[in-house]
Amino acid sequence: MTVVPNTVQTAVIAGASGFIGTHLVRRFTEAGVEVRTIGRSGSAVWGDTAALASVLDGADALVNLAGRSVDCRYGKRNADAIFSSRVDTTEELGRALALCRESGGTPPRVWMNSSTGTIYRHAMDRPQTEDDGDLGTGFSVAVARAWEQALADAATPGVRKVALRIAIVLGPGSVMTPPSTLARAGLGGRMGPGTQKFSWIHLDDLYRAVVLIAATPALEGPVNLAAPGVVTNAELMAAVRERLHVPAGLPTPAWLLELGGVIIRTEAELVLKSRWVSPGKLLDAGFTFDHPTLGPALQEILTPGGVEAPAPVRAH
């Protein structure tokens, strides 16, 4: 079990019912941290800013993970929901933190707000760090920019703010389900050109990174949460096939991914964009990844028999 520094005795998790939030709640609780939650249910619900301020009062850290899934078509209704579920909740947390202080309370010392590694451009030439990364264009990037701007604009003096630029998160029940299903069906070859980069982070390393950030005052602004072992899409699919003992897989051309996205109501961008995210600030802060490379990480997530393995809890 990761030992949480005594700087974090109480943590507030917003968006606690999601894939990442559920894991963080469990890991913090196992480490003896008092966890308060914000969401559609929990310690406080969205829309009741006074209740949010009360939940935030006296906490050591706030982690906001709220946001609608992007695994859908970006029509107007979905696009509006994706945008508002991120920006509106971030703005409300800013108001709640301000109200907490105005009411004589003590807001958390650090506010870690989810963002995304997708904020960077389609990168095939070099990794994108927090210091020299180039922001991209398009709907997903516009959402990420507005998300981070809402965090930056919040009037919260004395609260250290960190935008978590999270790469694709791997863990049981994660985004590995579709590729593994394709591989078992004989369709586990490269997707599109196969040269596009796939940046990822193991769920346990994400939790450990959050703990480090909470305990490191020098970490602020954008922080990339991505493993150093970036792979191409072709390498990703090869690793999945190897783990599942599938000898070969047919490739999927880009035009078929675009067509398939329309049929299953998702966007081909999710697999065709080259995400090359480098964890510059984490490495500079001395963070050591338990899962730096993809192959061993998949050993813990996928089993050849078709059942995703449970995430282990290690002693550190």
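This is a predicted model: local features need pLDDT of at least 70, side-chain atom pairs count only at pLDDT 80 or more; totals for chains, interfaces and linings use all residues.

Q: How do I read an aromatic pair, and how many does the structure hold?
A: A pair of aromatic rings is described by the distance of the centres and the angle of the planes. Rings of Phe, Tyr and Trp (its six-membered ring) pair if their centres lie within 6.5 Å; planes under 30 degrees apart are stacked, over 60 edge-to-face, and the rest tilted. Here there are two aromatic pairs. Phe28 and Tyr207 are edge-to-face, at 5.2 Å centre to centre with 75° between the planes. This pair links distant parts of the chain, with Phe28 in helix α1 (residues 19-30) and Tyr207 in helix α6 (residues 203-214), 179 residues apart. Helices here are DSSP runs (H or I, at least four residues), numbered from the N terminus. Phe28 and Tyr207 are both buried. Phe287 and Phe289 are also edge-to-face, at 4.8 Å and 90°.

Q: Why does Phe289 count as buried?
A: Because its relative accessibility is 9%.

Q: Which residue lies over the face of Trp276?
A: A charge sits over a ring if NZ of Lys or CZ of Arg is within 6 Å of the ring centre and within 35 degrees of the ring normal. Lys197 lies over Trp276, at 4.4 Å from the ring centre, and Arg86 lies over Trp147, at 4.9 Å.

Q: At what angle do α1 and α6 pack?
A: Two packed helices are described by the angle between their axes and the distance between the axes. Axes are lines fitted to C-alpha atoms over the stretch in contact, and angles run from 0 to 180 degrees between N-to-C directions. For α1 and α6, the angle is about 65° and the axes are 10 Å apart.

Q: Which residues of α1 meet α6?
A: Contact means heavy atoms within 4.5 Å. Phe19, Ile20, His23, Leu24, Arg27 and Phe28 in α1 meet α6 residues including Leu203, Tyr207 and Val211.

Note on methods: Residues are numbered from 1 along each chain as its sequence is written. Side-chain values use heavy atoms; hydrogens and water are left out. Helices (H or I, at least four residues) and strands (E, at least two) are DSSP runs, numbered from the N terminus. Buried means under 20% relative accessible area, exposed over 50%, partly exposed in between (1.4 Å probe, protein chains only).
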